[in-house]
Amino acid sequence: MDSIIIKDLEIFAHHGVRSEENTLGQKFLVSLTMFMDIGPAGVSDDLKKSVDYADISHFVDRKMKERNFRLIEAAAEYLAGELLVNYPLIREVIVEIKKPWAPVLLPLDTVSVRIRRKWCEAYLGVGSNQGDREGFLRAAFAALEEDPMIRDMRMSKIIETKPYGVEDQPDFLNAAIGFRTLYSPEELLDRLHEIENRNGRERKERWGPRTLDLDILLYEDRVLQTEDLRIPHVELHLREFVLGPLSEIAPWKIHPVLGKSILQLYEEKIKETDQYK
């Protein structure tokens, strides 16, 4: 991917563990590598289709001064997030913060932190079989759409399906949602739980009735297994009511474990279902 680079922007700010660093301040050197599609700007010679490195430099200066951090790790994290949220053309950024006068009582050139952050692609399965089912799905979409850490929202058609697992309950409305996010998988899970709880979700029974169910299906090509989170969703390939909506918005997305596209998995599931009818 194309990139614009700013190297060793000198900024006087107040970051550090020691009290004198926060009080007296010191010099920091900030370097950025901003990944984006430069082609449209190169062809048109139009600054509006790129980012203004002078504007970026002043933005970084303001952000480095508006908050004091004990750790340059935290300053780098904050700066990366602010750049990605406020400059839509930047898809990914490398931020390096150098501390030339680090108080280690030994000769050195600089101490630095370097991080790489980007907008990550995520897909959710959403469902409801209690109360205003469609209203709950729309409310979840709206809550995600309003979140500055999420962008490029899209949603499949809503379908009605029979309950899965526990059959003695009302029918569900299901859909799939895709977007790009700055949340890590764990942070995204916490955000989804907040939205579920706000919409009256109660976790009393596995596969039981619910006002709103938000499941992370895929996150980039990540394979993750923890006590609280499994990505890809462990039953993604088994659920026709998930594969159908997901194939509408991400048909060519490859399942990172099975190595098959979502559309291929959906078609295989339909054939399997037809065999047992």
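The legends below describe close-up views of a predicted model.

Local features need pLDDT of at least 70 and side-chain atom pairs count only at pLDDT 80 or more, while totals for chains, interfaces and linings use all residues. Residues are numbered from 1 along each chain as its sequence is written, and side-chain values use heavy atoms, with hydrogens and water left out.

View 1. Strands (E, at least two residues) and helices (H or I, at least four) are DSSP runs, numbered from the N terminus. Gln26 has a relative accessible area of 5% and is therefore buried; buried means under 20%, exposed over 50%, and partly exposed in between (1.4 Å probe, protein chains only). A polar atom of the Gln26 side chain lies 3.2 Å from the backbone oxygen of His15. Beyond its neighbours within four places in sequence, Gln26 has contacts (heavy atoms within 4.5 Å) with Ile11, Phe12, Ala13, His15, Glu21, Lys99 and Trp101.

**View 2. Ser50 in the loop between helix H2 (39-44) and helix H3 (53-66).** Ser50 is buried, at 17% relative accessibility. Its contacts, leaving aside neighbours within four places in sequence, are Ile4, Met36, Ala41 and Leu89.

**View 3. Salt bridges of Arg191 with Asp147 and Glu194.** A salt bridge is a side-chain nitrogen of Lys or Arg within 4 Å of a carboxyl oxygen of Asp or Glu. The N to O distance is 2.8 Å for Arg191 and Asp147. This pair links distant parts of the chain, 44 residues apart: Arg191 is in helix H6 (residues 185-198), and Asp147 is in the loop between helix H5 (133-145) and strand E6 (150-155). Both Arg191 and Asp147 are buried. For Arg191 and Glu194 the N to O distance is 3.3 Å. Arg191 and Glu194 are 3 residues apart in helix H6, so about one helical turn separates them. Glu194 is partly exposed, at 46% relative accessibility.

**View 4. Salt bridge between Asp171 and Lys162.** The side chains meet at 3.4 Å, N to O. Asp171 is partly exposed at 23% relative accessibility, whereas Lys162 is exposed at 63%. The whole structure holds 18 salt bridges.

Technical notes. A polar contact is a pair of N or O atoms within 3.5 Å; within protein, one must be able to donate a hydrogen and the other to accept it, and residues adjacent in sequence count only if both atoms are side-chain atoms.
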